[in-house]
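Hello,

Here is the structure for your files, with notes on the chain contact below. Please read them alongside the coordinates.

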Amino acid sequence: MDTLEVLSGHGHLTLTWNPEDAVEVANIRAEVAKLKVAGYQFFLVDDSPADEVVAGHGSLIVKRIEDPTETVTEVPPIRGRRSVAVRPLQGG
Amino acid sequence: MDCTASWQLYVTQDERFALGRALYANPNDVQATLAFDFLSNAHAREVAASIAYRIQYYRWRKGPGRQAQRNAMALLRSLLNDKQRRALASHSSVYVQGNQGGYYRLWPWSGAIEAVEWRRTRYRARKLFCIHDPEDTIPPADSTVAHLLLLRSDEAAFLETANVARRW
């Protein structure tokens, strides 16, 4: 299962879907498109180096996604990757 | 001088919370501070910051936002390494390095973020940044997650977006 964490006012929502289920992928793409229109920024977090970090090596690798609809629902999915959708931030 | 000590003698608890709520809703509300004209501007700002922090703290630690903050803390911990998790547990803050090499200290209970510099024996804060969700509806730990992701992926964009609220 792939996951997308959406940071909202209720703590984060975790959306999960089966990348091999076309209906679920279509639903998640629609959700991602809505979030993008709402101004959310998307980040791809690579978990595999996080294991190395736990052992004292490496560092958290994060990539900003410009085209979330395609990247988040990439097929085949890359194991250990998580996506996080963040509300737009502004300076105060 | 402890700036929170003297004003407590003159301001009732209800007034203190009224001021805090007004400033929390709108930090630039000058009218709210005029009722407390016996305070100097700098003093009033310190007081307001202290009250706003307390309101924020109770909202997310004890109030209805408690579960949201807990969920957000769990997400934050999942993005940290062992050393950072231990630091978070013992000091309620965590040091991270941006992708351009800058060091930052994140405070997930308030959503604050500071640029730090190593001086002799420890990190010292150099700048306090102001960068947040415009509607201010997400828990502070979720703001911290957003700061962490932005710093790790695009530190330059972070510095461009954030305002420097204070320098040391």
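Which side chains of chain B and chain A meet in a salt bridge? They are those of B:Asp133 and A:Arg87, at 3.0 Å from N to O. The count between the two chains is one salt bridge (a side-chain nitrogen of Lys or Arg within 4 Å of a carboxyl oxygen of Asp or Glu).

This is a predicted model, in which local features need pLDDT of at least 70 and side-chain atom pairs count only at pLDDT 80 or more, while totals for chains, interfaces and linings use all residues. Residues are numbered from 1 along each chain as its sequence is written, chains are lettered from A and ligands numbered from 1 in the order in which they are written, and side-chain values use heavy atoms, with hydrogens and water left out.

The contact (heavy atoms within 4.5 Å) involves 32 residues of chain B and 26 residues of chain A. About 2,500 Å² is buried between them, 63% of it from carbon and sulfur atoms; buried area is the accessible area (1.4 Å probe) that two parts lose on being put together, summed over both. On the chain B side, B:Leu75, B:Leu149 and B:Arg152 lose the most area to chain A, together 22% of what that side buries.

Strand 6 (residues 90-91) of chain A and strand 4 of chain B run antiparallel and are joined by two bridges. Strands are DSSP runs (E, at least two residues), numbered from the N terminus, and two of them pair if DSSP finds at least two bridges between them. Opposite A:Gln90 stands B:His132, in strand 4 of chain B.

Regards

Definitions and conventions
Helices (H or I, at least four residues) and strands (E, at least two) are DSSP runs, numbered from the N terminus.
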